[in-house]
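Dear colleague,

Please find the structure below.

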Amino acid sequence: MKVGITCYPTYGGSGIVATELGLELANRGHDVHFITYANPIRLDPDTPRIHYHEVEVSNYPLFQYPPYSLALASRMAEVAERYHLDLLHVHYAIPHSISALLAQQMVAAKRRLPFVTTLHGTDVTLVGMDRSYFPITKFSIEKSDGVTTISEYMRKQTVDVFGIAKPIHVIHNFVNCSLYRPAEVRNREDKILLHISNFRPVKRVLDCIRILAKVRQTTPATLWMVGDGPDRGPAEVLARDLGLEDYVNFMGKQDHVERLIPKAHVLLLPTELEAFGLAALEGMACGVPPVATNAGGVPELVTHGVDGFLEAVGDTSAQANRVIELLTDEVLHAKMSAAARATALRRFCSSLIIPKYEEYYEEVCSE
Ligand code: GMT
């Protein structure tokens, strides 16, 4: 098939999923056209059958807000016509679904251009609920030819928040289990805790520092903080205030997390709300058990006490105790690490999930 993909090409989870999906589809023989304002991170443009079309937003003194959604719609329509796209697949509803709807109408005289919207999280749970975006988000979901969510939790949220009556298809997030895999040997002496996110308030990154402080009262450990965002500064200040600056490494944005993750012993995900929790899945595929919160869609991925631990949001003592258990009991760690990898292999490998998207595309195109 010839598929146009639009996403936020930055470090957010939705952009990562969209990019990995495009790469996997291209590896399976499809032609994939990314239509975005920048080259998506993790996208190797040398990959055969991957094409990149930049959306350029020209500015004009009259515009206080350059109309990106319109520039995107024009580019979508142009690429769809020029490359005979079978469908558009947009990730994160706002504003991508509305641009896709406009593009669809622009080419309607010449071709049918269905579009699929994948809802990832805050496009429904936060931004979509904002009064200024609610009606248009609901409208764009209703007008999509196909709608998928990345967890059952997100499907329910979408129905509850927007009262959507049309079928919503759940296709869980996925991981490439050949790329994300356990280290052959993990350092047994220096215990490493790892957190990966966009450091937004919803991620509760300060809890990672509090957890480390509690763990270090009895058990030596270092914390690697990967990513960047608004709460990085406050987390750095807290680490300094708690005398932990030598034990926390703020690594910033990293392009190859698959090389870092296998070195860690435990993955921390103290999030307030998570539609899925891609970082936890990437950790599990690498045999790194997550200590996460019982929030949103995370329990669809992590089974408490089997392939990771789930504790209440904000209960950093309980989360720290779970980390200590994993760092001090090698048998428990080995068992959970193997179970985490097994879960990733059995339920979330790209080889299992990508065919679900292919089937869904076929269904939407044949309607
Ligand atoms: O809001 C964010 O944290 C970013 C957001 C995104 O769309 O970029 O992430 C969401 O999508 C990820 C990939 O599907 C999910 O793994 C995350 O759980 C989800 N984030 C939230 O629900 C907060």
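Predicted model: local features only at pLDDT ≥ 70, side-chain atom pairs only at ≥ 80, totals over all residues.

Residues are numbered from 1 along each chain as its sequence is written, and side-chain values use heavy atoms, with hydrogens and water left out.

There are 19 residues around the ligand, and those that come nearest are Ser14, His120, Asn173, Glu274 and Ala275; a residue counts as near if one of its heavy atoms lies within 4 Å. By class, this shell has seven nonpolar, nine polar and three charged residues (Ala, Val, Leu, Ile, Met, Phe, Trp, Tyr, Cys and Pro count as nonpolar, Asp, Glu, Lys and Arg as charged, and the others, Gly among them, as polar). Because domain 1 (2–174 + 349–366) and domain 2 (192–348) both give residues to the shell, the ligand lies between them; the domain bounds come from an automatic or database domain assignment.

Oxygen atoms of the ligand have polar side-chain atoms at 3.1 Å in Thr122, at 3.4 Å in Asn198 and at 3.1 Å in Arg200 (a polar contact is a pair of N or O atoms within 3.5 Å). The protein buries 96% of the 480 Å² that the ligand exposes when taken alone (accessible areas come from the Shrake-Rupley method with a 1.4 Å probe).

Two backbone features deserve attention. Most residues other than glycine have a negative phi, and most peptide bonds are trans. The peptide bond from Ile94 to Pro95, however, is cis, with omega near -5°. Phe199 has a positive phi of about 55° although it is not a glycine.

Yours sincerely

How values were computed
Polar contact = N/O pair within 3.5 Å; in protein donor to acceptor, adjacent residues only side chain to side chain.
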